[in-house]
Amino acid sequence: PFKQQKGKLPSPATGPFFASYGESRNRGGLKWNGVLISTAHGTPVRAVSHGRVAFADWLQGFGFITIIDHGEGYMSLYGHNETLVKQAGDWVDAGEVIATSGDSGGQPMPGVYFEIRSRGKPVNPSGWCSRGVRHG
């Protein structure tokens, strides 16, 4: 089960954060519900755990995004991608490439936005990943 993987998940991409969970987005008091990981354009974005792609398309504010349903109310979101490799309905394994990073959705620098949700509510993804994510 996804919940038992807390603290053991691989990172979707390796790089420093340029936005952390809970930080201000400088837009009317909004805060980040995930982390923004700095990467080069075209860096592989990998699924953090087994699941089924629930959504893979353009979404306002996130650019090209892939959302994976891991079951038991857990989902992971991967946004601001340059390309999407998987489609809604596809099954993925942990570490499988699902997209390539970019700056879609109006980001000033390339990277990947990563968020975990539990029953629709965002949780800090930093506590879920064991390696590959580091603060810049």
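# Exercises on aromatic pairs, strands and cores

Y74 is buried, with a relative accessible area of 9%; buried denotes under 20% relative accessible area, exposed over 50% and partly exposed in between, with a 1.4 Å probe and protein chains only. The model is predicted, so local features need pLDDT of at least 70 and side-chain atom pairs count only at pLDDT 80 or more, while totals for chains, interfaces and linings use all residues. Residues are numbered from 1 along each chain as its sequence is written, and side-chain values use heavy atoms, with hydrogens and water left out.

**Exercise 1.** Classify the aromatic pair of F2 and Y74 and state which parts of the chain the pair ties together.

*Solution.*
Step 1. Rings of Phe, Tyr and Trp (its six-membered ring) pair if their centres lie within 6.5 Å; planes under 30 degrees apart are stacked, over 60 edge-to-face, and the rest tilted.
Step 2. The structure holds six aromatic pairs. For F2 and Y74, the distance is 5.2 Å centre to centre and the angle between the planes is 40°, a tilted pair.
Step 3. F2 belongs to the segment before strand 1 and Y74 to strand 6, so the pair links parts 72 residues apart in sequence. Strands (E, at least two residues) are DSSP runs, numbered from the N terminus.
Step 4. F2 is buried, at 3% relative accessible area. F2, Y74 and W128 form one aromatic cluster.

**Exercise 2.** Describe how strand 4 pairs with strand 5, and classify the rings of W58 and F64.

*Solution.*
Step 1. Two strands pair if DSSP finds at least two bridges between them. Strand 4 and strand 5 (residues 63–71) run antiparallel and are joined by seven bridges.
Step 2. In their hairpin, three residues lie between the strands, and G61 has a positive phi near 90°.
Step 3. W58 stands opposite F64 in strand 5. Their ring centres are 5.1 Å apart and their planes at 85°, so this pair is edge-to-face.
Step 4. W58 is partly exposed at 41% relative accessible area, and F64 is partly exposed at 31%.

**Exercise 3.** Identify the residues that touch the most other members of the largest nonpolar core.

*Solution.*
Step 1. A nonpolar core is a set of buried Ala, Val, Leu, Ile, Met, Phe, Trp, Tyr and Cys residues joined through side-chain atoms within 4.5 Å.
Step 2. The largest such core has 21 residues, of which F2, L9, I68, Y78, I98 and F114 touch the most other members.
Step 3. Elements giving two or more residues to this core include strand 1 (9–19) and strand 6 (74–84).
Step 4. Another core, of eight residues, lies apart from it; among its members are A19, W32, L36 and L77.

How values were computed
Helix = DSSP H or I, 4+ residues; strand = E, 2+ residues; numbered from the N terminus.
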